[in-house]
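Subject: Structure for your files

Hello,

Here is the structure you asked about, with the sequence alongside. My notes on what turned up follow below it.

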Amino acid sequence: MAKPAETRTAGRKSAPKASRSAAETEKIRAALAARRDELRAEYDQTLSEITELQRDRLTDSAGDDQADTGTKTFEREQEISLANSILERITQVERALERLDEGSYGWCERCGNPIPVERLAAFPSATLCVSCKQLEERR
Ligand SMILES: [Zn+2]
């Protein structure tokens, strides 16, 4: 599934603010795309677990006592809320990718410096660089 990175950025105007090289932008894009794929796999996995729990509940709930049924319902609810939070993170990453295309992604809202690629990969919704974030948390 590897796509040539060059062709996708060809013809694009440079970012509006301070400079981030095309190579760096590609690195961020790759990191975000990898993150999105990871999250999607996680989401699919969670969905199939939900389906399994659902099937368990339908097929062998006859012999269960109430405690078992309660546990299974709880597990299923846990899985569903996990699935929802993964979905939310996928949306965040997709939004980040859109903003990256517009050149408005990956800049610290406070100091205007580029946020390191590694940080963006770990926290796609990050809007502050590490030092600004630490300052924020200290207050
Ligand atoms: Zn900053």
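From the N terminus on, the elements of the chain run α-α-α-α-α. That makes 5 helices and 0 strands, where helices (H or I, at least four residues) and strands (E, at least two) are DSSP runs numbered from the N terminus. This is a predicted model, in which local features need pLDDT of at least 70 and side-chain atom pairs count only at pLDDT 80 or more, while totals for chains, interfaces and linings use all residues. Residues are numbered from 1 along each chain as its sequence is written.

Two of the helices can be described by their spans; the expected span is 1.5 Å times one less than the number of residues. H2 (22-59) has 38 residues and reaches 55 Å from its first C-alpha to its last, close to the 56 Å expected. H3 (66-102) has 37 residues and reaches 54 Å, close to the 54 Å expected. After H3 comes Gly 103, with a positive phi near 80°.

Of the 139 residues in the chain, 16% are buried. A residue is buried if 20 or more other C-beta atoms lie within 10 Å of its own, exposed if 12 or fewer, and partly exposed in between, with C-beta atoms placed from the backbone. In H2 the buried residues are Thr 25, Ile 28, Leu 32, Arg 35, Leu 39 and Thr 46, and they pack against H3 and helix H4 (117-122). In H3 they are Glu 79, Ile 86, Val 93, Ala 96 and Leu 100; H2 is included in what covers them.

The largest nonpolar core has 13 residues. Such a core is a set of buried Ala, Val, Leu, Ile, Met, Phe, Trp, Tyr and Cys residues joined through C-beta atoms within 7 Å. H2 and H3 are the elements that give two or more residues to this core, and H3 gives the most, with 4. Among the residues with the most contacts inside the core are Ile 28, Leu 32 and Leu 100. Leu 100 touches Thr 25, Ile 28, Arg 29, Leu 32, Tyr 105 and Gly 106, leaving out residues up to four places away in sequence; contact means C-beta atoms, placed from the backbone, within 7 Å.

Val 117 is found in H4. Val 117 is partly exposed because 19 other C-beta atoms lie within 10 Å. Its C-alpha atom is separated by 5.6 Å from that of Ile 28, 89 residues apart along the chain.

Regards

How values were computed. Contact = placed C-beta atoms within 7 Å.
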